[in-house]
Amino acid sequence: MTINLKGRHMITLYDWSAEEIRQLLHLADRLKQEVYTGTAHPLLAGKTLAMIFEKPSLRTMVSFQTGMYQLGGHAIYLGPDQIGLGKRESVEDVARVLSSYVNGIMARTFSYEAVQELAKYSAVPVINGLTDFNHPCQVLADLLTIYETRSHMKGLSMVYIGDGNNMAHSLAIGCAKMGMHFTCVCPEGYDPKTEAMDMAREVGQKTGSHIEVAHDVMEAAKGANVLYTDVWASMGQEKEKEERKAIFRDYQINMDVLNVTAPDSMVLHCLPAHYDEEITKDVVDDPRSYVFKQAENRLHAQKALMLATMA
């Protein structure tokens with residue numbers, strides 16, 4: 001890499017330049033090809049990643065742990081019972097203690113502020129593995145999937161259909177950084193947070209990216225290059241699940257929606273999928289779906305991020 005990213009935190013994509021993100025994606029692509037050819041790359045030998053989890057996980061835990069293993073390092077799982085972030089022990093103290101033991105910290109938490117505070121007091125890089133506000137690691141994998149499939153990103157249009165949640169926030173910022181147009185299509189009252197959209201629009205003014213919120217699914221999907229969705233009820237919203245099913249029933253990616261997109265469009269979903277709610281099974285199984293390639297790319301994108309910041 002021509003840019004030195006050692007020691008950098010990944011809290012939000014807003015803090016990273018377009019060129020820094022592009023270099024991460026190129027590094028991820030190289031590491032992926034080396035995996036495919038059986039080329040070992042133990043470039044983080046002797047390094048340790050602490051993984052803090054307040055939320056359950058499949059992709060985040062396995063991809064980070066496997067990634068550290070493939071890079072020659074070691075990952076330590078720390079669940080709620082081991083830490084109790086901000087409850088059993090202050091976030092500041094956890095950051096200071098952990099960063100004296102390990103070479104990097106990944107945190108998957110409810111609170112965005114907790115990850116920000118970890119980064120403030122940590123002597124080693126902190127990676128945001130997910131918060132209620134954003135999910136930058138997922139978007140790195142999404143951008144990698146688009147890049148390796150279409151070979152470019154600038155000028156492409158992404159239409160996100162569903163709740164204006166943490167994924168909508170990070171996708172808006174990530175698309176803006178890459179010069180992609182982004183539309184969040186959601187029911188009235190479920191718009192993305194103004195703070196996130198303002199950040200994305202600020203970036204988009206420099207990159208030529210249009211960032212919008214809309215409420216008509218079919219109209220927004222016409223000619224789109226990328227369709228994206230997420231579950232209607234995220235972790236922590238389980239009590240709203242049945243209510244949200246009624247509110248979001250018309251905000252589904254199905255074959256009717258997919259068939260009004262661009263001829264070479266692609267479908268993405270950050271998973272887990274609730275079939276026949278936010279997406280139908282036939283769409284996920286369609287040749288235009290890159291959902292499982294996208295899931296695999298969590299591994300490669302995060303390996304690039306760990307290598308660039310921890311080596």
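Which residues in α5 meet which residues in α6? Pro136, Gln138, Val139, Asp142 and Leu143 in α5 meet Met167, Ser170, Leu171, Gly174 and Met178 in α6. The model is predicted.

**Helix α5 against α6**

- Helix α5 spans residues 136–150, and helix α6 spans residues 166–178.
- The two pack at an angle of about 45°, with their axes 9 Å apart.
- α5 and α6 are therefore oblique to each other.
- The crossing of α5 past α6 is right-handed.
- Six nonpolar, three polar and one charged residues make up the contact of α5 with α6.

**Helix α5 against α1**

- Helix α1 covers residues 18–36.
- Its packing angle with α5 is about 70°, and the axes lie 10 Å apart.
- α1 and α5 are therefore roughly perpendicular to each other.
- From α1, the contact takes in Ile21, Leu24, Leu25, His26, Ala28, Asp29 and Lys32.
- From α5, the residues that meet α1 are Leu140, Leu143, Leu144, Tyr147 and Glu148.
- The contact of α1 with α5 counts eight nonpolar, one polar and three charged residues.

**Helix α5 against α12**

- Helix α12 runs over residues 291–310.
- The axes of α5 and α12 come within 8 Å and cross at roughly 110°.
- This pair is therefore roughly perpendicular.
- α5 passes α12 in a right-handed crossing.
- On the α5 side, the contact uses Cys137, Gln138, Leu140, Ala141, Asp142, Leu144, Thr145, Glu148 and Thr149.
- On the α12 side, the partners are Lys293, Gln294, Asn297, Arg298, His300, Ala301, Gln302 and Leu305.
- By class, the contact of α5 with α12 has six nonpolar, seven polar and four charged residues.

**Residues of α5 in two contacts**

- Gln138 and Asp142 are among the α5 residues that meet α6, and both also belong to the contact with α12.
- Leu143 is one of the α5 residues that meet α6, and Leu143 also meets α1.
- Leu140, Leu144 and Glu148 are among the α5 residues that meet α1, and these three also take part in the contact with α12.

**Largest pocket**

- About 750 Å³ of space lies in the largest pocket.
- Its lining holds 39 residues.
- Asn166, Asp230, Val231, Ser234 and Met235 lie nearest the centre of the pocket.
- The elements giving two or more residues to this lining are α2 (59–70), α6 and α9 (241–247).
- The pocket lining divides into 13 nonpolar, 12 polar and 14 charged residues.

**Cavity**

- The structure has one cavity of 30 Å³ or more.
- The largest cavity has a volume of about 40 Å³.
- Thr12, Leu13, Phe133, Asn134, Ser170 and Ile173 line the largest cavity.
- Three of these lining residues are nonpolar, three are polar and none is charged.
- Ser170 lines the largest cavity, and Ser170 is also one of the α6 residues that meet α5.

**Backbone details**

- Leucine 271 and proline 272 are joined by a cis peptide bond, with omega at about 5°.
- Proline 272 sits in the loop between β9 (266–269) and α11 (281–284).
- Leucine 130 is not a glycine, yet its phi is positive, at about 155°.
- Strand β4 (residues 126–130) contains leucine 130.

Terms used:
Residues are numbered from 1 along each chain as its sequence is written. This is a predicted model: local features need pLDDT of at least 70, side-chain atom pairs count only at pLDDT 80 or more; totals for chains, interfaces and linings use all residues. Side-chain values use heavy atoms; hydrogens and water are left out. Axes are lines fitted to C-alpha atoms, for helices over the stretch in contact, and angles run from 0 to 180 degrees between N-to-C directions. Helices (H or I, at least four residues) and strands (E, at least two) are DSSP runs, numbered from the N terminus. Angles under 35 degrees count as roughly parallel, over 145 as roughly antiparallel, 65 to 115 as roughly perpendicular and the rest as oblique. A crossing is left-handed if the near helix is turned anticlockwise from the far one by less than a right angle, and right-handed if clockwise. Contact means heavy atoms within 4.5 Å. Ala, Val, Leu, Ile, Met, Phe, Trp, Tyr, Cys and Pro count as nonpolar, Asp, Glu, Lys and Arg as charged, and the others, Gly among them, as polar. On a 1 Å grid over the protein atoms alone, a cavity is a set of points where a 1.4 Å probe fits but cannot get out, and a pocket is an open set with protein on both sides within 12 Å along at least five of seven lines; lining residues have an atom within 4 Å of a point. Grid points are joined across faces, edges and corners, and a volume is the space filled by probe spheres set on the points.
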